[in-house]
Amino acid sequence: MPIYFEDLAVGETTEFGEYEVTEDEIIEFAGRYDPQFFHVDPEKAEETMYGGLIASGWHTASMTMRMLVDGFLSEAASMGAKGVDELRWYRPVRPGDVLRVRNEVLEKAVESDERGLAHVRTTTLNGNDEEVFSMVGLVMFGRKPE
């Protein structure tokens with residue numbers, strides 16, 4: 001049974017997902033989309049302020065999106081998003097990190113008979129419970145059929 005707009009409660013928080021980050025994936029993603037040396041060259045990355053290879057922030061956002069779809073949106077009457085606010089990267093994601101997601105419904109409003117809009121803060125945490133990424137999605141959800 002899908003999660004509809006009416007099923008969302010402001011203040012509701014859920015956690016889900018588990019994604020292990022690998023060095024190969026960091027290098028592959030960055031090589032294709034963000035080929036800065038601290039994302040693609042482990043030796044050069046050792047000499048940076050990061051002290052080693054780190055994932056592109058866009059890779060972190062993509063891994064977050066995967067967990068968001070697998071753990072929440074695939075079960076929801078999601079109709080896409082109107083945008084993202086407050087996109088932030090707090091700390092680097094490294095090979096071997098295991099990520100998970102926390103979602104919090106911040107606010108919601110009816111837009112029409114067919115849909116509502118929810119502002120949902122998505123925070124990605126590493127295995128040390130440190131925030132590595134967050135965003136506020138402006139997500140459209142279908143309304144329950146009468």
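Here are some questions and answers on how the labels used for this predicted model follow from its atoms.

This is a predicted model, where local features need pLDDT of at least 70, side-chain atom pairs count only at pLDDT 80 or more, and totals for chains, interfaces and linings use all residues. Residues are numbered from 1 along each chain as its sequence is written, and side-chain values use heavy atoms, leaving out hydrogens and water.

Q: What makes Arg-143 and Glu-6 a salt bridge?
A: A salt bridge needs a side-chain nitrogen of Lys or Arg within 4 Å of a carboxyl oxygen of Asp or Glu. Here the N to O distance is 2.7 Å, so the pair meets that definition. The partners come from distant parts of the chain, 137 residues apart: Arg-143 is in the segment after S5, and Glu-6 is in the segment before strand S1 (13-20). Strands are DSSP runs of E with at least two residues, helices are runs of H or I with at least four, and both are numbered from the N terminus.

Q: Why is Arg-143 called partly exposed?
A: Buried means under 20% relative accessible area, exposed means over 50%, and partly exposed is in between (1.4 Å probe, protein chains only). Arg-143 has 24% relative accessibility, so it counts as partly exposed. Glu-6, at 32%, is partly exposed as well.

Q: What do Lys-144 and Asp-7 tie together?
A: Their side chains meet in a salt bridge at 2.8 Å, N to O. Lys-144 lies in the segment after S5 and Asp-7 in the segment before S1, so this pair ties together parts that are 137 residues apart in sequence.

Q: How many residues separate Arg-66 and Asp-70 in helix H4?
A: They are four residues apart, which means about one helical turn. Their side chains form a salt bridge of 3.0 Å, N to O.

Q: How do you know that Asp-97 has no salt bridge?
A: The nearest side chain of opposite charge, Arg-94, is 6.0 Å away; Lys and Arg count as positive, Asp and Glu as negative, while His and the chain ends are not counted. A salt bridge has to fall within the cut-off given above, so Asp-97 has none.

Q: Which residues does Asp-97 contact, leaving aside its neighbours within four places in sequence?
A: With contact meaning heavy atoms within 4.5 Å, they are Tyr-19, Glu-20, Val-21, Pro-92 and Asn-126.
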